[in-house]
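Subject: Structure handover

Hello,

Please read them with the coordinates open.

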Amino acid sequence: MNKILEVKNLNVTLKNRQMQNKIVQEVSFSVHSGECLGILGESGSGKSMTAKAILGLLDKQFTICGNAFFEGKDLIEQNKEQLRRLRGSEISMVLQNPMTCFDPLYRIGNQIAETFAAHTKWSAQEIYQQSLMLLKRMQIRDGEEVLQKYPHQLSGGMLQRIMIGIAMALKPKLLIADEPTTAIDAITQFEILEEFRRIKQQHKTAMIFITHDLSAISRIADRILVMNGGKVVDKGDFKHILYHAQDPYTRLLVEKRTAVMTSYREVIHRKKVQYA
């Protein structure tokens, strides 16, 4: 497998007048084509900051040190215009909050079309057909009607699915998904995770899947990094994280998830007994 991304000793520091706060410290990892790297951690662990630093999505308050080689090209050294050209065409990112990714003044169809026009050579008719196809793939009904709507007329879950569909339709070499299934119901989450798996396998897309959900990450990630306090505290495949993790924080995450699943099974069992 080709190495698509290699991050070396990434550090992110937030500067203000009174102090400097290191948000990400000495993070290193790599991702190969057709592979999904899961980054697991709770809010504030530094997982999203890591991705945003790599793609140049942080403002001037942040200082970034280290390297992030995308097919041999160091993203940290690229200027804003160079990064803008890479984002979308070769690297796509699905952000956590879909409401911030759509302009409230323009229809959904126009915004999808604008993105496709900027990163493909499709004709207007091809763009329209691809827009309908991505809505269908993301389990969104009445595609022609949805394309005419404004963002505020759709739920957060629907906007999230549209954002994922746009990213996948562009067939990037690297797809970074930041909590992509947070605002989505369990059934749709399963379908979208299966779609991620299909894209990874069929198109050999390299993926970084960022989440706090151990269950979701277990279904798609080939390798997992666990982050806490801006540092990588554990890494390995899912079996290692589940049964052989040495880090106390990692074991706590596993125990919490196991407790939730145990409670869920007990509730389901009681319901079955009740209605038997």
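Predicted model: local features only at pLDDT ≥ 70, side-chain atom pairs only at ≥ 80, totals over all residues.

β4 and β5 make a hairpin with two residues between them, and Glu-71 in the turn takes a positive phi of about 50°. Residues are numbered from 1 along each chain as its sequence is written, and side-chain values use heavy atoms, with hydrogens and water left out.

The antiparallel sheet

Two bridges pair β4 with strand β5 (residues 73-74) in the antiparallel sense; strands count as paired if DSSP finds at least two bridges between them. Phe-70 has Lys-73 in β5 as its bridge partner. Strand β1 (residues 3-15) pairs with strand β4 (residues 62-70), also antiparallel, over eight bridges. In that pairing Lys-8 has Asn-67 of β4 as its bridge partner, and Glu-6 stands opposite Phe-69 in β4.

The open sheet consists of four strands with antiparallel pairing, in the order β2-β1-β4-β5. Its edges are β2 (20-32) and β5, each with a single partner strand, so one side of each has no neighbour in the sheet.

Strand β8

How many residues of β8 are buried? Six of the six are, so β8 is largely enclosed by the rest of the structure. Buried means under 20% relative accessible area, exposed over 50%, and partly exposed in between (1.4 Å probe, protein chains only). Both faces of β8 are covered, with Ala-206, Ile-208 and Ile-210 buried on one side and Met-207, Phe-209 and Thr-211 buried on the other.

β3 and β8 run parallel and are joined by five bridges; the bridge partner of Cys-36 in β8 is Met-207. β7 and β8 also run parallel, again with five bridges, and there Asp-178 has Ile-210 of β8 as its bridge partner.

Helix α7

α7 has 18 residues and reaches 26 Å from its first C-alpha to its last, close to the 26 Å expected at 1.5 Å a residue. The expected span is 1.5 Å times one less than the number of residues in the helix.

Buried in α7 are Thr-188, Gln-189, Ile-192, Leu-193, Glu-195, Phe-196, Ile-199 and Lys-200. They cover an arc of only 155° around the axis, which puts them on the same side of α7; the arc is that of the directions from the helix axis to the C-beta atoms. Ala-186, Ile-187 and Gln-202 are exposed on the other side of α7.

The cover over the buried residues of α7 includes β3 (36-40), α4 (124-137), α6 (156-169), β7 (174-178), β8 and α8 (214-220). Just after α7, Lys-204 takes a positive phi of about 55°.

Aromatic pairs

Rings of Phe, Tyr and Trp (its six-membered ring) pair if their centres lie within 6.5 Å; planes under 30 degrees apart count as stacked, over 60 as edge-to-face and the rest as tilted. By this rule there are two aromatic pairs. Phe-116 and Trp-122 form an edge-to-face pair, 5.1 Å centre to centre with 75° between the planes. Phe-116 is buried, at 0% relative accessibility, whereas Trp-122 is partly exposed, with a relative accessible area of 27%.

Phe-196 and Phe-209 also form an edge-to-face pair, 5.9 Å centre to centre with 85° between the planes. Phe-196 lies in helix α7 (residues 186-203) and Phe-209 in strand β8 (residues 206-211), so the pair ties together parts that are 13 residues apart in sequence. Both Phe-196 and Phe-209 are buried.

Nonpolar cores

A nonpolar core is a set of buried Ala, Val, Leu, Ile, Met, Phe, Trp, Tyr and Cys residues joined through side-chain atoms within 4.5 Å. The largest has 45 residues, of which Ile-112, Phe-116, Ile-162, Ile-166, Phe-196 and Phe-209 touch the most other members. α6 gives the most to this core, with nine residues. Apart from this core lies another, of 32 residues, among them Ile-4, Phe-62, Leu-83 and Ile-210.

Leaving aside neighbours within four places in sequence, Ile-166 is in contact (heavy atoms within 4.5 Å) with Phe-102, Ile-112, Thr-115, Phe-116 and Leu-134.

Regards
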